[in-house]
Amino acid sequence: MSEAQAAAPGDGAGGAGWSLEVSGLSAGYSGAPAVRDVSFTAGAGRVVAIVGPNGCGKSTLLRSIARLHKPTAGSVTVGGEDLWRMRPRQAAHRVALLPQSPQAPEALTVAGLVGYGRHPHQGLFRQWSVRDEQAVAAAMDATNTTPLAGRRLDELSGGQRQRCWFAMVMAQESPVLLLDEPTSALDLGHAAGVLGLARGVARAGRTVVMVLHDIGAAARYADDVLAMRDGEVVAWGPPAEVVDAALVRALFDIDADILTAPSDGAPVVVTKESADAAGPADAAGPADAAGPADSPGPSEPARVAEAAAVRA
């Protein structure tokens with residue numbers, strides 16, 4: 001699937017062209033800080049990858065942006081307006097979240113799942129419309145899930161299901177997409193397909209912020225990399241400028257060679273064998289200890305589609 005295929009039309013506030021700005025954001029669990037004073041701007045049409053070892057606060061940061069975890073300090077704005085000052089449905093028109101381990105009701109079809117993406121656009125005086133049908137059809141076409149429309153989600157492979165969930169957040173037509181480990185448990189081909197979808201969405205003018213464990217994939221698919229350790233930003237910028245052997249060592253306590261991809265010049269991370277490279281991934285920090293920081297847990301499609309509505 002080409003990147004251009006991932007483009008889907010915008011609708012009102014959900015159109016493309018809005019930046020996400022995070023300023024001085026801090027968050028934690030039970031008094032233990034998990035994210036400390038994080039600031040960055042994800043411009044419209046760009047892909048930002050958040051990388052770092054387990055427990056460094058990546059998912060806590062993403063959940064705080066998505067209004068699933070209230071920050072202790074700082075602000076999150078889209079189009080210059082503070083998400084945390086909006087009503088849940090208003091915020092869902094601006095930000096869509098695909099959590100790490102989404103779960104769907106038993107026997108739900110693919111078309112039914114993608115239709116949940118239109119939940120934030122429904123209301124007392126606005127029921128299902130031709131516009132909703134168009135948005136769902138466009139999202140399914142972009143993700144090549146139209147042939148699966150009548151299939152039950154629990155009958156599909158992991159790669160197929162992930163494309164269906166991606167179609168659902170695309171159907172929401174929010175200008176900012178947040179993806180928490182979108183390639184988790186996928187093979188190389190399906191992972192590349194999902195990351196290609198993310199690039200296509202950005203090419204269409206939306207903003208994509210995704211958490212990735214694979215710094216090599218981040219270097220290949222992201223326009224900017226936000227590297228974190230112990231809840232703090234240790235590097236920020238284009239992959240060619242920030243992804244080097246020193247950063248890999250600082251994040252994961254391992255040595256690596258950084259090569260250059262002949263096709264596009266992107267950094268290629270090749271780790272070196274080490275007998276004692278346990279790394280920080282084996283040590284649970286405050287974010288891991290809290291549970292939800294790196295594992296959002298079960299979530300019904302309507303709640304995923306309208307991530308901001310958890311307190312509504």
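The dialogue below walks through how to read a few features of this predicted model.

Q: What should I keep in mind about a predicted model before reading its details?

A: Local features here need pLDDT of at least 70 and side-chain atom pairs count only at pLDDT 80 or more, while totals for chains, interfaces and linings use all residues. Residues are numbered from 1 along each chain as its sequence is written, and side-chain values use heavy atoms, with hydrogens and water left out.

Q: How many helices and strands does the secondary structure of the protein chain come to?

A: Helices (H or I, at least four residues) and strands (E, at least two) are DSSP runs, numbered from the N terminus. In the protein chain there are eleven helices and twelve strands.

Q: Why does T183 count as buried?

A: A residue is called buried under 20% relative accessible area, exposed over 50%, and partly exposed in between, using a 1.4 Å probe and protein chains only. T183 has 17% relative accessibility and therefore counts as buried, and its place is in the loop between β7 (176-180) and α6 (188-203). Of the 312 residues of the protein chain, 53% count as buried.

Q: Which residues does T183 touch?

A: A contact means heavy atoms within 4.5 Å. Not counting residues up to four places away in sequence, T183 touches Q162, A191, V194, L195 and L212.

Q: What span should α6 have?

A: The expected span of a helix is 1.5 Å times one less than its number of residues. The 16 residues of α6 should span 22 Å, and its end C-alpha atoms are 22 Å apart, which agrees. The buried residues of α6 include A191, V194 and L195, and the buried residues of this helix pack against β3 (47-51), α4 (130-142), α5 (158-171), β7, β8 (207-211) and α7 (215-221). After α6 comes G205, whose phi is positive, near 110°.

Q: Which residues have the most contacts inside the largest nonpolar core?

A: In soluble globular proteins, nonpolar side chains tend to be buried together. A nonpolar core is a set of buried Ala, Val, Leu, Ile, Met, Phe, Trp, Tyr and Cys residues joined through side-chain atoms within 4.5 Å. The largest one here has 55 residues, and those with the most contacts inside it are V110, V114, F166, V208, M210 and I215. The largest share of this core, eight residues, comes from α5. Apart from this core lies another, of 30 residues, among them L25, F40, C56 and L62.
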